[in-house]
Amino acid sequence: MSPPRWLFWHRRDLRLADNLGLAAAAATTRAVTGVVVLDPAELAAMHQAPARRWFLAESLHELAGRWQAAGSRLLILQGDPVLLLPRLAAASGAAVVAWNRGVEPAERERDRRVAAALQGDGVKVLVDWDQLLVPPETIFTGAGDPYRVYGPFLRNWRGQVERRAAAGELDPRPAPRELLDLDPASLPRPELWAALPLRAAVPTAAQLAAIAKGGGEADGVGTVALHHSEASGEDHPSTRRPQANGALRSEASGTRPPEPGPESTAGLAQAPFTGADLCPCRPGEAAALAQLEAFADGPALARYDEGRNLPGEAGTSALSAALRFGTLSPRQAWAAAAVARFAARSDEALASITVWEQELCWREFYQQALFHFPELADGPYRPQWRHFPWENNPQRLAAWQEGLTGMPIVDAAMRQLVESGWMHNRPRMIVASYLVKDLICDWRLGERFFMEHLVDGDLAANNGGWQWSASSGMDPKPLRIFNPATQAAKFDPEATYIRTWLPELAHVATADLISGRIGALERRGYPEAIVDHKLQQARFKAMHAALPRG
Ligand SMILES: Cc1cc2nc3c(=O)[nH]c(=O)nc-3n(C[C@H](O)[C@H](O)[C@H](O)COP(=O)(O)OP(=O)(O)OC[C@H]3O[C@@H](n4cnc5c(N)ncnc54)[C@H](O)[C@@H]3O)c2cc1C
């Protein structure tokens, strides 16, 4: 008699190695089948970021091959998981469906509904944490509350991680091997199987865009997703040009659009991603591990403390998309840092490794915050910010989006975002402060624009980063205003980053690129600064001072 079949539902864990939910399934039975459900609503809620569709499609392609190499298969369904997973379980005779948990409010609500539907049919559900080193239900203040402040969270988090690592609990698990495949021809209810909306092939990024738009019918019945076609050359073009502005879209997975607010990007639902060769984040499990190794074993991690602030250098890991989509696990990242610590030859290197681990902790801090305070997704954490009289000037917002504010460090960063799908952390903070405190635009407009473009766009990290920059979040520092010229002078002193992303200004003197004071003849069409930083700073402070306290 064949063993009971388990289904493993991949979501933000697109890998076989060190996947805790999958490892638990494979430890119980060899009869495990992988499942991905392409939900049009969820794909649309991803803000149609072309870069994320590209990363997802490429990563799924590799994942399907890995399932096959492990002896089983990856099924790709298209539709609502609440309806489809019970149907698949019935059709395949599955006894258990397993998956790894998430923190986003909409995701948790959907998972509750999926679990209830399966259990109603008598199918067991097995869920646990995988994407965090310290799950949010295991880390609280001494008073038993969730953390609102990063510093004390970090101390507790590090203590827990170090204890668990010493006990071997964080050692990365190997990928399952020698699994038992299912045979669609010998299933007990072939008519149920035949009616499933299974895709014959892993979708391309263009097909994911069509699914998000409500089109892109499933293209096969009962077949295994094993091949992948490169459609319309959209995955590897080499052009570098800014994309046009378009309309804001609402995000079903959390954040509401600010009301009222100027329109932003349009046409992204169908837009192909043209920045694959410029994006430093590489899709797929193999590329994530190679990237991790190159970062941790090479010079970057050992001098991260300094290099992480220099956007003109490749001083960070660029693993954010891999961690976002789960082509890499946080345990793999932690283990690589531990090996580097063992091999470190200087105090500077040791300090740098510690700082990188603290960045991994920021990721977890924002996830535990969203888990315990789901209202973060809907607006400012600090209530008085709901009354802020945002100006939301549409021309200024458009200039920020297009990289045409006349402040070179800001424009370089926005061009990097739109062209490559990624932006270095330092300029993320600079452009966020500039949008909110210089242009006096609602931070949720920036949050949304980031989600529409970022390859690593993630509700918890993005919302956390924007609320930190806007001063509307949990961070205790009341008002943080960045002077973009001072930031450029400090972190891009040779204007390397500015010249990379604003090649039309390559001829301009470094000091002028940093200050933004560029002579009329040298501009060659590049705009003058649309606002005066000092003036706007004073205006913003006055508006902030007039807010109700609390
Ligand atoms: C306004 C704003 C918006 C942001 N939006 C996102 C987002 O949508 N998705 C996202 O992953 N990060 C976001 N960040 C955080 C940070 O900018 C990126 O994680 C980082 O730039 C990714 O580059 P890296 O992989 O080279 O990071 P590294 O410096 O190598 O850090 C390692 C990992 O730690 C995590 N990390 C680092 N810094 C942060 C941080 N401040 N907050 C949360 N996690 C962090 C990331 O997973 C990152 O890959 C945002 C920051 C700001 C200021």
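In a predicted model such as this one, pLDDT is the predictor's confidence in each residue, on a scale from 0 to 100. Here the protein averages a pLDDT of 90, and 89% of the residues score at least 70. Residues 220-264 are a stretch over which pLDDT stays under 50.

We turn next to the ligand. Its shell comprises 29 residues, of which Thr316, Ser317, Asn425, Asn462 and Gly465 are the closest. Two or more residues are given to this shell by each of helix 12 (320-325), helix 14 (347-372), helix 17 (425-438) and helix 19 (459-470). Helix 19 provides the largest share, with 6 residues. In terms of domains, both domain 2 (285-372) and domain 3 (383-545) contribute at least three residues to the shell around the ligand. By class, the shell holds 12 nonpolar, 10 polar and 7 charged residues.

Helix 3 (residues 50-69) packs against helix 8 (residues 205-212) at an angle of about 120 degrees, and the two axes are 8 Å apart. The crossing of helix 3 with helix 8 is right-handed. From helix 3, Arg53, Trp54, Leu56 and Ala57 take part, and they meet Ala205, Leu208 and Ala209 of helix 8. This contact between helix 3 and helix 8 has 6 nonpolar residues, 1 charged residue and no polar ones.

Technical notes
Residues numbered from 1 in each chain as written. Predicted model: local features only at pLDDT ≥ 70, side-chain atom pairs only at ≥ 80, totals over all residues. Near = placed C-beta within 6 Å. Helix = DSSP H or I, 4+ residues; strand = E, 2+ residues; numbered from the N terminus. Nonpolar A, V, L, I, M, F, W, Y, C, P; charged D, E, K, R; others polar. Domains from an automatic or database assignment. Contact = placed C-beta atoms within 7 Å. Axes fitted to C-alpha atoms, helices over the stretch in contact; angles between N-to-C directions. Left-handed = near helix turned anticlockwise from the far one by under 90°.
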